[in-house]
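Here is a short report for a reader new to this structure. Look over the sequence and the model first, then read on.

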Amino acid sequence: MNNCININMKKNQVIIKIDENAEQREIVSCLKKKILELKNLYKDDKTPILITGKILKNREMEEIQSVIKKFIDVQIDFDSPKVLGLHGIKKTFYKEVATSETKFHKGSLRSGQRLEFEGSIVIIGDVNAGAEVVAGENIVVVGALRGLAHAGAKGNKDAVIEAVDIEAVQIRIADIVKEIERDEGEIHKVKTSAYINDKDELILE
């Protein structure tokens, strides 16, 4: 994707719009190529920059901000949530998923507890090891996911699993299962999103 960034100058802002389907490496590469064009818009001006178009993770925002700040000392804002929530879901919902019923559960799930719902489930707390969450659509955990999570339980491969940190040993979306192995002594890398790609592979990132 050679042109995943569009830059527009408005009266009080410079708008950088990122294609929502662009990968982070493509965004950074395109931004580096356009940074001189962006710098020429400024000269002595300090017009703030608003970055919009794609929902970004915190580390992605930090990387983009770092690239710009190397060339231009200016205020940078993101039209993207900085904490996990419903808007942090990576994949774009299809209409039938977006309008599905959602069950909210306040508090953590302990070992031995099971939560099941035909629509989407949002858990405001942790899902501890030994607990189980089964949803016909999406699962969002505003906390750590250590127990079993099965999204799209009725076969919906467009369902997603989102959490502040996915630490479970196994997750499922539709009929696809992913075992998560961690070697002892391995540095823990935070994973927040699980979804099925176009090759029917369950991706965890």
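## A residue to start from

Gln 65 counts as partly exposed, because its relative accessibility is 30%. Buried means under 20% relative accessible area, exposed means over 50%, and partly exposed lies in between (1.4 Å probe, protein chains only). Gln 65 has its place in helix 2. Helices (H or I, at least four residues) and strands (E, at least two) are DSSP runs, numbered from the N terminus.

What does Gln 65 touch, leaving aside its neighbours within four places in sequence? Gln 65 is in contact with Ile 76 and Phe 78. Contact here means heavy atoms within 4.5 Å. Gln 75 is 10 residues from Gln 65 in sequence, and their C-alpha atoms are 9.5 Å apart in space.

## About the model

This is a predicted model, in which local features need pLDDT of at least 70, side-chain atom pairs count only at pLDDT 80 or more, and totals for chains, interfaces and linings use all residues. Residues are numbered from 1 along each chain as its sequence is written, and side-chain values use heavy atoms, with hydrogens and water left out.

Two strands pair if DSSP finds at least two bridges between them. Strands of a sheet pair through backbone hydrogen bonds, either parallel or antiparallel.

Strand 1 (residues 5–9) runs antiparallel to strand 2, with 5 bridges. A hairpin of 4 residues joins strand 1 to strand 2. Asn 6 has Lys 17 of strand 2 as its bridge partner. Asn 8 is partnered by Ile 15, also in strand 2. Strand 2 (residues 14–18) is mostly covered, with 4 of its 5 residues buried.

The next pairings are parallel. Strand 2 pairs with strand 3 (residues 49–52) in the parallel sense over 4 bridges. Here Val 14 stands opposite Ile 49 of strand 3. Strand 3 and strand 4 are also paired in the parallel sense, over 3 bridges. Ile 51 stands opposite Phe 78 in strand 4.

## The helices on the sheet

## The cysteines

How many disulfides does a search of the whole structure find? The search finds 0. A disulfide is a pair of cysteine sulfur atoms within 2.5 Å. Cys 4 is in no disulfide, and its nearest cysteine sulfur, that of Cys 30, is 4.1 Å away. Cys 30 is likewise in no disulfide.

Are these cysteines buried or exposed? Cys 4 counts as buried, because its relative accessibility is 2%. Cys 30 is buried as well, with a relative accessible area of 5%.
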